[in-house]
Amino acid sequence: MTSRYFTLASIFISLSLGSLGCASSGTGSALHPDAPTTSALDHSRPEIEDNASGTPADQIAAPSGQDIDQSATTTELALESGLAGDSETVGDPELVAEPEIEPEIEPDPEPEQAIEPAPAPMTPAQQCAANGDFACARRIMLEDLRSGEGNISEFWAYVDADPMLTETLYETVMPSETNSISALGGGSTVSFKYVDIADESAKAAIKPDQDLRQTMYRSEIAYYRLCQIVGCSFYTPVTRPVRWSKADFNRLYVASDSKKNAAYRSKFEHLIWAREDGVQYLYAAYKEWIPDFVGFPIEVTSAWTIYERPNTTNYPDLATVFKNALAGGRESSVTTVRKLLGYAGDMTTRDFMQQLSDLTLIDYLTNNWDRYSGAQSNYGANCHFQPGGIVAIDNGAAFPPWHAPRVVKRLHSVQTFSRALVENLRLLDPDDLLARLIPNPTKEELKSYERFKERRRDALKYIDGLIDKYGVDKVLVF
């Protein structure tokens, strides 16, 4: 009987070890206190000796007539031998049963990282702003606003992100051995030019703060900023605020000393010096220098306002417009006409009419009375033409504290306007414009700005009256 138990136990253990071979390799399960441990790479079955005789278990023969049924399962053999479900040793008390194998405990999975959603693709306006082109961003946003899809807060964000439009601190232009300030002259007020000494080339025109109130340096800055915000079809030179200490200004002016500069010193009594922290500063508008232009006699209104009518369908060629304007001006040379046509390039007469219309409307809004010269000999002195069209160089007379009736007459000579410019003026709150055009305004500047708001209201009323009479498509033709 003992021999049968040993035989059954040996077969059960052998089968159990065989089935666990790869799965439990390296566990070192002990079947006998003196049994060698199976290494992870040793898959041979260890021999189990009979405790009594020392004979290997697989050599113990089954009793005669008691052959083992080879089809019996391991569980059946274990039940028959009394080993299944019981850790108690059967037969020889020193024979140790197979211990249960504890399941491996897998580590807790790491918490899943939150997947951030992919950023939304940038809009065209945002792409322009990302590239530092805030003018492009504003133009696109205004188009969206006119179509009812834009966001006015986003538009103002592009205005405020542009340092050229919101700069309130004045840049200090330091003197150097290569730069100088020279007299510019050409008018009744004080003006300078910033010059490269090496080749005597001008870098900028300078309109300083002065007591000759027919021109104001902050008006130059505000006019430029207004056009950048509302979108003018004509060009305004880039204009930014600067300042010099009195010592630096004198060093720069002496660097280009000449008889003209020496004579021009007599006008220095009109300069306004601001004292800050014990230092005297001269504040000014620093305007982009326009190297090549020719005057267009805008004063000869009969040459162009006839094409600013609601029923205009056919425009003459530009040569005709230029010739007629020059014929009533200070010069009518063929050379000047050719130069104007050369600057015009691919511009059409209709394009030119849009620029003249925009210029007239902006001059009305800003009360810029000085665009037209009173003397025929000076016609075109304040309306210039460069490659690409009209360039408004001199805007220091804009935003005066008084009312100039002449700008009303000029506005009413024009009856066709740019749809985009008019709609932009409707969209933009004038109170939001103030801080961008005239930062930290004085009482006088606030008074001037109130007049700007009144003229904006009156201009839109005038244009609406034309629309009621002729229809929107006949008035907003550009």
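In the predicted model, the residues that line the largest pocket comprise 11 nonpolar, 16 polar and six charged. The volume of this pocket is about 800 Å³. Its lining is made up of 33 residues, and those closest to the pocket centre are G185, G186, A381, N382 and D394. Two strands, β4 (201-208) and β7 (279-288), each contribute at least two residues to the lining of the largest pocket. The greatest contribution to this lining is that of β4, which provides three residues.

An open sheet is built from three strands in the order β8-β9-β10, and the pairing within the sheet is antiparallel. The edge positions are taken by β8 (294-295) and β10 (389-391); each has a single partner strand, so one side of each is left without a neighbour in the sheet. Strands of a sheet are paired through backbone hydrogen bonds, in either a parallel or an antiparallel arrangement. Between β9 (residues 384-386) and β10, which run antiparallel, three bridges are found. H384 has V391 of β10 as its bridge partner.

The cysteines were examined next. A disulfide is a covalent bond that links the sulfur atoms of two cysteines. The count of disulfides in the model is two. When the bonded cysteines of the chain are numbered in sequence order, the pairing reads 1-2, 3-4.

One of the disulfides is formed by C128 and C136, with a distance of 2.0 Å between the sulfur atoms. C128 has a relative accessibility of 12% and therefore counts as buried, the cut-off for burial being under 20% relative accessible area. C136, with a relative accessible area of 11%, is buried as well.

A disulfide also joins C227 to C232, with an S to S distance of 2.1 Å. The torsion about the S-S bond of C227 and C232 is about -90 degrees, and the disulfide is therefore left-handed. Both C227 and C232 are buried.

A further cysteine, C383, has a relative accessible area of 2% and is therefore buried.

Notes. Residues are numbered from 1 along each chain as its sequence is written. This is a predicted model: local features need pLDDT of at least 70, side-chain atom pairs count only at pLDDT 80 or more; totals for chains, interfaces and linings use all residues. Side-chain values use heavy atoms; hydrogens and water are left out. Two strands pair if DSSP finds at least two bridges between them. Helices (H or I, at least four residues) and strands (E, at least two) are DSSP runs, numbered from the N terminus. On a 1 Å grid over the protein atoms alone, a cavity is a set of points where a 1.4 Å probe fits but cannot get out, and a pocket is an open set with protein on both sides within 12 Å along at least five of seven lines; lining residues have an atom within 4 Å of a point. Grid points are joined across faces, edges and corners, and a volume is the space filled by probe spheres set on the points. Ala, Val, Leu, Ile, Met, Phe, Trp, Tyr, Cys and Pro count as nonpolar, Asp, Glu, Lys and Arg as charged, and the others, Gly among them, as polar. A disulfide is a pair of cysteine sulfur atoms within 2.5 Å. Buried means under 20% relative accessible area, exposed over 50%, partly exposed in between (1.4 Å probe, protein chains only).
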